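Please open the structure in the viewer and keep the selection panel at hand.

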Amino acid sequence: MASPDGDLQAGSLGIGVLCHPTYGGSGVVASELALALADRGHRVHLFSYAVPPRLARSSGAVEVHVAQGAPYPLFEAPPHDLAITSAVLNVHEAEGLDIVHAHYALPHAMSAVLAGHAAGGVRSGPPPRVVTTLHGTDITLVGRQPSYRPLLRYALEASHAVTAVSEDLAMRSMEAFYPRPDGARPEVEVVPNFVNSTEFCPSTAPPHGGPPRAVHVSNFRPVKRVPWLVEAFIEASSGTEARLVLIGDGPERDHSVARARELGAAERVSFLGERDVLPSLLTDADVFLLASTEESFGLSALEAMACGVPVVAPRVGGIPEVVSDGVTGWLSAPEDRDAYIADVREALNDPEAREARGAAAREAAVERFSLDRVVARYEGLYTRLLREGERP
Ligand code: GMT
């Protein structure tokens, strides 16, 4: 923690991390960051309305606070965002927090900003500095809603630092919210997502020897275009024994299952639902498929790459910052269905290309997106903010 005279003692900050507990990438990144920061000796508290799955299966020294808000007949739903603010304040009062790091702008940036404003009422000394990390749809979909937009803008401006997980998302956030009428143009710093490349690593077992296997992981929301992906896979692999395994759950799962059945490929396309053993499921795969219409980063693609699995995806959002066409995977124009199908076909039928791109994918994941490198970036940011906070 920052000492009373303002000196920063390395490795000893009090850090609160706020995130959604769903299977989505923002909760994964927040959980992995919290665990890594605790490993480095910081006091880390994670606040959410349920325990995020990545944290639930870890023994890391993160203190988890589930804040759902008490039900009351007047509330249609308990205001969990306010309950999270209160939980942050309780921890700040008891032991002091230096940093409150909100993942996914709404509601967490507001919960964090509010806690920062209220901190003086529970503990003397400097209030925690607020960092907001933008993950994608918090800007590209939710952020477009007029019902949230003014508050989202305020939350970004009231944060001491705003980061985005890719250059593309940083640029879109700046375009969407700045410059303001008064010309103000706050910075959005890029801190990419990361992967634990020890946990996500290529299999040491001999190749499975069966027909090629493709894998997809997502929350089956419309933005992921899973029925489109299923159709494209079936067309690309028609007349072969190739398999597609889909992991995760969400609104378009039933429709995707129905498409596989209607196209007569149900025996080659399986839906596993939500699973916590991603590394072993990914290492079993020969190629990872994404078909999203928007994707700020594509954390699941990075996790596959770390397992030595090349990626087929549309060239959207931050995907080209993660996957290099012809090097670590295959990229095509988002609406070019024929090109996507050709890429899937090549990936399934050309084991040499798959192997070369899979090896390059592993290398890129380790070199560019390693946990140590990215967590150090966040630590650097925290330290910088605390030093700036010391200035009169
Ligand atoms: O998918 C979402 O709508 C939300 C979010 C999440 O919580 O998973 O996903 C976004 O954040 C991930 C982690 O930074 C990124 O890897 C995903 O690309 C991004 N999703 C979209 O941009 C659609």
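Begin by selecting P207, T283, A285, D286 and G308: of the 22 residues that line the second largest pocket, these lie nearest its centre. The model on display is a predicted one. The space in this second largest pocket amounts to about 590 Å³. Colouring its lining by residue class shows 11 nonpolar, seven polar and four charged residues. Next, highlight residues 351-368, which form helix α14; this helix gives the most to the lining of the second largest pocket, with five residues.

To view the contact itself, show the side chains of E346, A347, L348 and N349 on α13, together with P351, A353, R354 and R357 on α14. By class, the residues of this contact comprise four nonpolar, one polar and three charged.

Now widen the view to the whole chain and colour it by domain. The domain assignment gives domain 1 as 14-194 + 370-390 and domain 2 as 213-368. Taken over C-alpha atoms, the centres of domain 1 and domain 2 are separated by 30 Å. The contact between them takes 23 residues from domain 1 and 18 residues from domain 2.

With the domain colours still on, where does the largest pocket lie? The largest pocket lies between domain 1 and domain 2, because both give residues to its lining. Its volume is about 940 Å³. Select Y23, G24, G25, S26 and N219 to reach the middle of the largest pocket; among the 45 residues of the lining, these are the closest to its centre.

Which elements give two or more residues to the lining of the largest pocket? They are α1 (25-39), α2 (53-56), α5 (137-140), α7 (167-177) and α11 (299-306), and each may be selected in turn. Finally, colour the lining of the largest pocket by class: 13 of its residues are nonpolar, 19 are polar and 13 are charged.

Definitions and conventions:
Residues are numbered from 1 along each chain as its sequence is written. This is a predicted model: local features need pLDDT of at least 70, side-chain atom pairs count only at pLDDT 80 or more; totals for chains, interfaces and linings use all residues. Side-chain values use heavy atoms; hydrogens and water are left out. On a 1 Å grid over the protein atoms alone, a cavity is a set of points where a 1.4 Å probe fits but cannot get out, and a pocket is an open set with protein on both sides within 12 Å along at least five of seven lines; lining residues have an atom within 4 Å of a point. Grid points are joined across faces, edges and corners, and a volume is the space filled by probe spheres set on the points. Helices (H or I, at least four residues) and strands (E, at least two) are DSSP runs, numbered from the N terminus. Ala, Val, Leu, Ile, Met, Phe, Trp, Tyr, Cys and Pro count as nonpolar, Asp, Glu, Lys and Arg as charged, and the others, Gly among them, as polar. Domain bounds come from an automatic or database domain assignment. Contact means heavy atoms within 4.5 Å.
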